[in-house]
Amino acid sequence: MIVVKNLRKELAAQQVLNGVDMTVEDGEILALLGASGAGKSVLLRTLVGLLEPDSGEVLIDDVDIHRSRGKELASIRDRIGMLFQAGALFDSMTVYDNLAFPLREKTRMTRTQINARVEKYLQRVGLSEAVDKYPAELSGGMQKRAALARTLVGEPKIIFFDEPTTGLDPLIGNSILRLICDLHEEFKFTAVIVTHNFQKVFQIVNRVAMLDEGVIRIQTTPEEFMEFEHPSVQNFVIEALQGPLEAVKNDSQG
Amino acid sequence: MIDFFAKFGRSARYSVGRLGLFGKFLGKTLLYIFVPPIKLDRIINRINFIGTKSLWLIILISAFTGAVMGLHGQHTLAQFGASGRVGTLVSLALLRELGPVVCAIMVAGRAGSSIASELGVMQITEQFDALKIMNLNPFRYFMAPIFVASLISVVLLTGIFNFVGIFAGYFVTGGLLGVSYGSYFGGVIDFVIFNDILYGSIKAFVFGGIVAWVSTYKGFYTGRGAEGVGRASTEAVVLSSVLILVSNYIMTSLMF
Ligand SMILES: Nc1ncnc2c1ncn2[C@@H]1O[C@H](COP(=O)(O)OP(=O)(O)OP(=O)(O)O)[C@@H](O)[C@H]1O
Ligand SMILES: [Mg+2]
């Protein structure tokens with residue numbers, strides 16, 4: 001379980017996180033919503049320990065990730081996977097090695113086991129053909145899928161997805177969500193999915209949290225979220241349902 | 001006035017902090033050279049990279065350095081009737097000073113700058129963050145192998161530099177100015193002692209460490225965006241060169 005208490009983070013004289021409280025239950029999928037620039041990526045980076053918060057705590061299975069060191073920290077890290085918004089593939093390695101590298105370095109798997117595991121996940125994201133390519137030789141969408149496969153290949157218990165479907169065509173975007181959903185049924189990992197595109201994501205998530213002005217405005221079920229009476233939430237829902245152009249038109253009319 | 005001191009204090013504290021970070025970075029790199037598992041394949045790859053980047057440049061520059069010194073040396077020494085000593089002049093200058101210094105500065109310009117930009121791009125595209133999430137240490141996979149590879153490469157390249165330079169000196173003085181093979185290489189063998197080679201190699205070793213230390217540090221702590229990476233790579237070359245020249249002066253004054 002992940003418990004976030006009163007998390008604050010200031011970046012470049014801007015209070016990006018202003019007291020975030022949030023919980024993610026074991027085995028649930030939580031959608032993290034919020035306007036562009038709301039601080040979703042900053043929040044994820046703070047949750048996984050890439051950014052130090054100014055105050056507050058992040059408890060992962062009852063251990064504060066920002067106060068643990070050595071073996072304790074290593075054991076938390078071993079449970080965590082993260083899909084970066086821009087992929088963060090190792091550009092000096094082929095797609096195959098990107099996936100195989102963490103397995104080689106951190107597990108006792110044999111060469112054949114690693115091979116089988118890597119091929120399994122590349123196949124599931126539809127990249128079997130691209131094993132020997134370098135990240136620079138892939139399209140943006142292919143990079144995203146390769147990065148997704150690398151996040152999943154170690155089969156972590158807790159996974160943070162920073163916009164897994166942004167930049168993909170709708171067909172592939174759907175299949176990626178399907179994949180996350182299938183794997184979730186198989187492994188029962190805990191997941192936080194950052195996304196703009198919540199209609200699709202709502203079909204696979206248990207709960208929704210919305211980041212607005214540095215705080216979690218609401219954390220609830222998808223159904224309740226749609227009905228929640230708060231201007232930021234309603235704006236977000238309307239924009240997402242109507243598409244941005246409609247929302248702009250409505251604004252200018254009234 | 002108070003404002004001035006406050007500003008000065010702040011920037012001094014910042015610089016000292018930076019210096020501490022720079023030192024700690026070296027410490028961590030040195031540590032991971034010895035903490036197993038050691039990534040031998042990565043070291044070999046890097047030697048290959050540094051070697052291929054710099055080898056032909058080193059050969060070209062050493063040939064012309066040796067040749068020019070041969071010309072000057074011959075003209076100057078002939079005025080004192082000591083033209084037989086030109087081999088001594090060329091070989092001592094190369095082994096003690098020019099070989100290690102010029103070679104290391106060339107490696108800084110070629111390999112150091114590209115290492116800084118490689119690590120800089122890795123940093124701004126969050127590849128080091130991805131490593132951290134995987135619980136893998138960048139010092140084991142990047143800084144330490146680069147450091148070891150740079151030590152070995154600069155020592156080897158300096159050897160090549162000196163060898164080529166000394167022969168180039170002979171080709172110019174022997175071929176064009178008629179100094180005999182015997183008197184040129186006699187001048188080399190009679191006056192070069194083992195310590196010249198040893199001290200030159202120690203210098204090359206230290207310079208190799210400086211190039212790796214500075215380039216990996218500048219790359220890892222790059223500024224934002226493409227501009228930041230560009231600046232990191234330039235600064236890596238400038239700072240390496242300055243540190244090479246300063247440490248060379250210190251080592252020369254201690255050694256000879
Ligand atoms: N390293 C940084 N230094 C300074 N400011 C930053 C840094 N990273 C993010 N910010 C600021 O924090 C705010 C939140 O950024 P963040 O990337 O978390 O947004 P986001 O919600 O993920 O948006 P998007 O949906 O567009 O990805 C932005 O205003 C951004 O300018
Ligand atoms: Mg983001």
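**Pockets, ligand and cavity**

Modeller: Sorted by class, the residues lining the second largest pocket are 18 nonpolar, 7 polar and 10 charged (nonpolar is Ala, Val, Leu, Ile, Met, Phe, Trp, Tyr, Cys and Pro; charged is Asp, Glu, Lys and Arg; the others, Gly among them, are polar). Bear in mind that this is a predicted model, where local features need pLDDT of at least 70 and side-chain atom pairs pLDDT 80 or more, while totals for chains, interfaces and linings use all residues. Residues count from 1 along each chain as its sequence is written, chains are lettered from A and ligands numbered from 1 in the order written, and side-chain values use heavy atoms, without hydrogens or water.

About 650 Å³ of space lies in that second largest pocket. A pocket here is an open set of points on a 1 Å grid over the protein atoms alone, with protein on both sides within 12 Å along at least five of seven lines; a cavity is a set where a 1.4 Å probe fits but cannot get out, and lining residues have an atom within 4 Å of a point. Points join across faces, edges and corners, and the volume is the space filled by probe spheres set on them.

Around the second largest pocket you'll find 35 lining residues, and those nearest its centre are D78(A), P102(A), K106(A), M134(B) and N135(B). From chain A, the elements giving two or more residues to this lining are α2, β6 (80-83), α3 (95-106) and α5 (140-153); from chain B they are α4 and α5. (Helices are DSSP runs of H or I, at least four residues, and strands are runs of E, at least two, numbered from the N terminus.)

Now for the largest pocket, which has a volume of about 1400 Å³. It is lined by 35 residues, with L50(A), Q123(B), D129(B), K132(B) and F220(B) closest to its centre. The biggest giver is α1(B), with 5 residues. By class, the lining of the largest pocket has 18 nonpolar, 7 polar and 10 charged residues.

Ligand 1 also lies between chains A and B. Its shell holds 16 residues, and S36(A), G37(A), K40(A), S41(A) and V42(A) are the closest (a residue is near if one of its heavy atoms lies within 4 Å). In chain A, β2 (14-24) and α1 each supply at least two residues of that shell, with α1(A) giving the largest share, 3 residues. The shell divides into 6 nonpolar, 7 polar and 3 charged residues.

If you like atom-level detail, look at the oxygen atoms of ligand 1. One is 2.8 Å from a polar side-chain atom of S41(A). In the side chain of Q85(A), an N or O atom sits 2.9 Å from a ligand oxygen. A38(A) takes part through its backbone, with a polar atom 3.2 Å from an oxygen of ligand 1.

The largest cavity has a volume of about 50 Å³. Its lining is made of Y121(A), L152(A), E155(A), P156(A), I159(A), L183(A), F187(A) and F189(A). Of these, 7 are nonpolar, none is polar and 1 is charged.

Chain B has 8 helices and 0 strands, and its C-alpha trace spans about 65 × 55 × 30 Å along the principal axes. Of its 256 residues, 47% are buried (under 20% relative accessible area; exposed is over 50%, partly exposed in between, with a 1.4 Å probe and protein chains only). R46(B), in helix α2 (residues 40-79) of chain B, counts as buried because its relative accessible area is 12%. The R46(B) side chain makes a polar contact with the side chain of E118(B) at 3.0 Å (N or O atoms within 3.5 Å, one able to donate a hydrogen and the other to accept it; residues adjacent in sequence count only if both atoms are side-chain atoms). F191(B), in helix α6 (residues 181-191) of chain B, is partly exposed, at 41% relative accessible area. F191(B) and G120(B) are 71 residues apart in sequence, and their C-alpha atoms are 46 Å apart in space.
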